[in-house]
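Welcome! Let us learn to read a structure together, one feature at a time.

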Amino acid sequence: MTTTPQAVRRESRRGSRPATTPDPARALMPAGEPVRLLDPDGTPLPAHPDYPEPPVEALVELHRRMVIGRRFDVQATALTKQGRLAVYPSSRGQEACQVGAILALNDDDWVFPTYRESMALVSRGIDPVEVLTLLRGDWHCGYDPAARRTAPQCTPLATQCVHAAGLAYGEAYQGRDTVALAFIGDGATSEGDFHEGVNFAAVFKAPVVYFVQNNRYAISVPLSRQTAAPSLAYKGVGYGVPSEQVDGNDPVAVLAVLTRAVAHARAGHGPFLVEAHTYRMEPHTNADDATRYRDADEVEAWRDRDPVARLETYLRARGALDDAAVAAVAEEAEAYAADLRDRMHDKPTVDPLSLFDHVYAQPTPQLVEQRDQVRAELAAAAEEGDA
Amino acid sequence: MATMTMAKALNAALADAMLDDERVVVFGEDVGQLGGVFRITDGLQARFGDKRCFDTPLAEAGIVGFAVGLAMSGLRPVVEMQFDAFAYPAFEQIASHVAKLRNRTRGALSVPIVIRVPYAGGIGGVEHHCDSSEAYYAHTPGLKVVTPATVEDAYSLLREAIADPDPVVFMEPKKLYFASAEADLPARTQPFGRAVVRRPGTDATLVAYGPAVPVALEAAEAAREEGWDLEVVDVRTIVPFDDATVTASVRKTGRCVVIQEAQGFAGVGAEIAARVQERCFHALHAPVLRVSGLDIPYPAPMLEHTHLPGVDRVLDAVARLQWDDQPDARWLTEAGAA
């Protein structure tokens, strides 16, 4: 006689397993559908049992930063067209994720961003000129990561996932209650370092929130080529990490879910994985042509789920925003963009001799030789210029 | 003074570093209760607890990436890659983050990590256990690359690596782990960036590092019978490299053979040979020669003796240093003459 899986399940239902033994994976599983607290048109849904709505003041601040963040993003895209930036990977359409993640954290928590998180970084209060240093090209990381508790924007995909695990573990090891939040995209969940990072964090109970922004494309490659899983949130379960999926264009839900995820990590329960379903409205970067791999209809459909409009509608209906407040935020965003535009028009000064700084704490004799050589080349060039 | 192995000296260096600095944590695969497959971390977990010395998931990129995060939080991680070739999954973390974080952040972040790599062959190991991987690291700016050849150096260089503000790839020649010598610990030998003359001589300079150093010394002994008095320079720290000591020796002797166990093409020995001829051209009586492993994947155990550069191959090279002022016959082929 063979025992089929169905027979085993029937058997267990009949109670051969003690009824009190819960399936240990059950508690880790995400909801079958993304958590949503607002309809796409901004209408509130019934209260969620696991994710209480954040305080209204937090939502007003979320709206403000999303408006400024979007204006920053549009300005950065414009700066590429003016030749001020080499390239810019936009996160327009992902404002709820970019800002929601920052608002869920304390100032002394750590953030591990990718190259698409410029909006999140300015939302964290980092000077936008420093954020854009990387893309302007006068250095790599333009801000002080130690002072801003924000790792350099990470280009090698998913490698930051392991750093976040190490940092969070190291902080806990030294008695500090820091949480680390690692941003990651849908494509990068295919990289080994994503899996190693989540696994290390789980094994060492490191207080990390892995926040996957599933914007449906890795440059041109659709999600169906990254995974056969029903949701990227299921990837946490195999590592023993509780996971959730959320409507990434619902700002209220994003903040609610991430707030709980951060609290889980800070309470010492280990990492938490969140997948946000969202959409990149712009191409991968200004150098990309998204019409080669997606339809205009698809993009239009996502325009109807705009996270900024969604939150504004809701807050207006609640009486937390009015015309004057909305206008004031828009004005603030314009001033922010104008200031950025002005400051980006100044050509940055770069010092070729600084190439030798910070390769090592002290330059090696070989680097000293090369620096002398470059110094001589520069002097010769200057002399030629004078002549 | 006591007689001890290099393995024991490395173990003592780790223990003393952990004793002196609470920030030092040691982790990797099997380094905890087992004490490492080569027993370099033997007893550390029992002595310092499983928070200071611990096993990790079996994932080398994870180990090194985790160390990056720990270093960012202020700790001083010392990680073990179990074998040379098993470190390759970690290469992206090493090349893109460990080596570059200081530079990318203009010094705001530093990652004082030590990555210990048991490397090279001569132990009858099967495939993927005997690679000489030093050139990959030495070719990556931002890393220091260190390899001891003596018991006292093993202790001293590892202590210095752990204290160093920069990331260090610490390459341990497996075949020297259980070679014993008189050592007085805690030894403090020459610092990083200093090569050492292990044997003075007047006729030619043998430049070697790591597992090739004992070969060079043995060859120098054997060369006495041929009437050659050879000087042996132990490089010790591939990065930073000590041009001054190597150059001074070759200018004195006028002849140079560079010896490495690794495959030769585009290797560390090629770099050393180029540097020597750039700096010593007018003092040279013969081309700078290289003796290395063959340009093949590391061979199966029963064939490794053919691959490994031994005393005979070194002496053959010394014999070709144009003692009679005649061109090296080896290069007088039609192609070479053309």
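Q: How far apart do the C-alpha centres of domain 1 and domain 2 of chain B lie?
A: Domain bounds come from an automatic or database domain assignment. Here the C-alpha centres of domain 1 of chain B and domain 2 of chain B lie 27 Å apart. Domain 1 covers 2-183 and domain 2 covers 196-329. Please keep in mind that this is a predicted model, where local features need pLDDT of at least 70, side-chain atom pairs count only at pLDDT 80 or more, and totals for chains, interfaces and linings use all residues. Residues are numbered from 1 along each chain as its sequence is written, while chains are lettered from A and ligands numbered from 1 in the order in which they are written.

Q: How many residues of the two domains of chain B are in contact?
A: Two residues are in contact if their C-beta atoms, placed from the backbone, lie within 7 Å. By that rule, 26 residues of domain 1 of chain B meet 21 residues of domain 2 of chain B.

Q: Which helices and strands supply the side of domain 1 of chain B that touches domain 2 of chain B?
A: Helices (H or I, at least four residues) and strands (E, at least two) are DSSP runs, numbered from the N terminus. At least two residues each come from helix 6 (134-138), strand 6 (144-146), helix 7 (151-163) and strand 7 (168-173) of chain B.

Q: How many helices and strands are there in chain A?
A: Chain A has 14 helices and seven strands. Its C-alpha trace spans about 95 × 55 × 45 Å along the principal axes.

Q: How much of chain A counts as buried?
A: A residue is buried if 20 or more other C-beta atoms lie within 10 Å of its own, exposed if 12 or fewer, and partly exposed in between; C-beta atoms are placed from the backbone. In chain A, 46% of the 387 residues count as buried.

Q: Which residues touch the most other members of the largest nonpolar core?
A: A nonpolar core is a set of buried Ala, Val, Leu, Ile, Met, Phe, Trp, Tyr and Cys residues joined through C-beta atoms within 7 Å. The largest has 204 residues, and Ala165(A), Val209(A) and Phe211(A) touch the most other members. Helix 10 (residues 251-269) of chain A gives the most to this core, with 10 residues.

Q: What is Val209(A) in contact with?
A: Leaving aside neighbours within four places in sequence, the partners of Val209(A) include Val179(A), Leu181(A), Leu258(A) and Phe272(A).
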